[in-house]
Amino acid sequence: MTLPVLKTRRLVLRPFQEGDAEAIANLGGRDFEVARWLTGCTWPYEDGAAEAFVDKVLHQGALDLEHMTGEAVFAITLGGIFIGTVAIQAPGDLEEQPDCPTLGYWLGRPFHGFGYATEAAEAVLEWAFEAFHCQAIAARAYEDNTASRAVLRKQGFRPVGKTVRFAKALDRKVSNIVVRLERSEFESRRAAA
């Protein structure tokens, strides 16, 4: 499946492009205040890591919704400028919620505090519930990442447990809160808005 372009009031979420690597490196990989919240980001930044990530996304093959495999990774853009990513991974990423696709996202620090993460998450969740025909979507956030946990709460995610993940940038294991969003809850919130 080829990813669609998703549009919100202020943002366009689109498939990755080769040219996104530089923005990913500058906004995410080279900024410790962003990298510290991502489990897969090394610190200090390794040259070529962003290019390798973009190459992996571009060449992972089509998202297979029938067999629920792969990952849908969208570039979040504002006025055509890359500001972060939002992704839905097929079920299996979280042992604690093995039947649920999982949501993940990050934004460059200059774009924090404007509601862009909430807006992007809502758009990709709406798409994912339809694309995966699932009844729930899960996510996780570092226990001390209050900003990310607030984004998830705004969408209606509810805590269902804890897990521990190794954070490369911090070089240690980090406690994560596992959350789950029921499709019915998401649809009720959207209908009430």
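**Entry 1: Burial and overall form**

I began with burial: of the 193 residues of the protein, 48% count as buried. I note here that the model is a predicted one. I then looked up the accessible surface, which comes to about 9,700 Å². Carbon and sulfur atoms account for 51% of that surface.

For the extent of the protein, I recorded the box that its C-alpha atoms fill, roughly 45 × 35 × 35 Å along the principal axes. I counted the elements next and found six helices and eight strands. The radius of gyration is 16 Å, close to the 16 Å that the globule rule gives for 193 residues, so the protein is as compact as a globular protein of that length.

**Entry 2: Order along the chain**

I read the elements along the sequence and wrote down the pattern β-β-α-α-α-β-β-β-α-β-α-β-β-α. I also looked up how contacts span the sequence. Among contacts between residues at least 6 apart in sequence, 63% join residues at least 24 apart.

**Entry 3: The sheet**

I asked in what order the eight strands form the sheet. The sheet is open, its order is E1-E2-E3-E4-E5-E6-E8-E7, and the pairing is mixed. Strand E1 (6–7) and strand E7 (158–167) stand at the edges. Each has a single partner strand, so one side of each is left without a neighbour in the sheet.

I then took one pair from within this order. Strand E3 covers residues 71–78 and strand E4 covers residues 81–89; the two pair in the antiparallel sense over eight bridges. As an example of a bridge, I noted that threonine 77 has phenylalanine 82, in E4, as its partner.

**Entry 4: A helix across the strands**

Which strands does helix H1 lie across? I found that H1, residues 20–29, lies across strand E2 (11–15), E3, E4 and strand E5 (102–107). Relative to E4, helix H1 runs at about 90°.

**Entry 5: Valine 151**

Valine 151 has its place in helix H5, which covers residues 146–155. Is valine 151 buried or exposed? Its relative accessible area is 9%, and the cut-off for a buried residue is under 20%, so valine 151 is buried.

I next listed its contacts, leaving aside neighbours within four places in sequence: valine 151 is in contact with Tyr105, Ala117, Thr118 and Ala121. For one of these, alanine 117, I also looked up the separation. Valine 151 and alanine 117 are 34 residues apart in sequence, yet 6.9 Å apart in space, C-alpha to C-alpha.

Notes: Residues are numbered from 1 along each chain as its sequence is written. This is a predicted model: local features need pLDDT of at least 70, side-chain atom pairs count only at pLDDT 80 or more; totals for chains, interfaces and linings use all residues. Side-chain values use heavy atoms; hydrogens and water are left out. Two strands pair if DSSP finds at least two bridges between them. Helices (H or I, at least four residues) and strands (E, at least two) are DSSP runs, numbered from the N terminus. Contact means heavy atoms within 4.5 Å. Axes are lines fitted to C-alpha atoms, for helices over the stretch in contact, and angles run from 0 to 180 degrees between N-to-C directions. Buried means under 20% relative accessible area, exposed over 50%, partly exposed in between (1.4 Å probe, protein chains only). The radius of gyration is taken over C-alpha atoms; the globule rule is 2.2 Å times the number of residues to the power 0.38. Accessible areas come from the Shrake-Rupley method with a 1.4 Å probe; for residues, only the protein chains shown count as cover.
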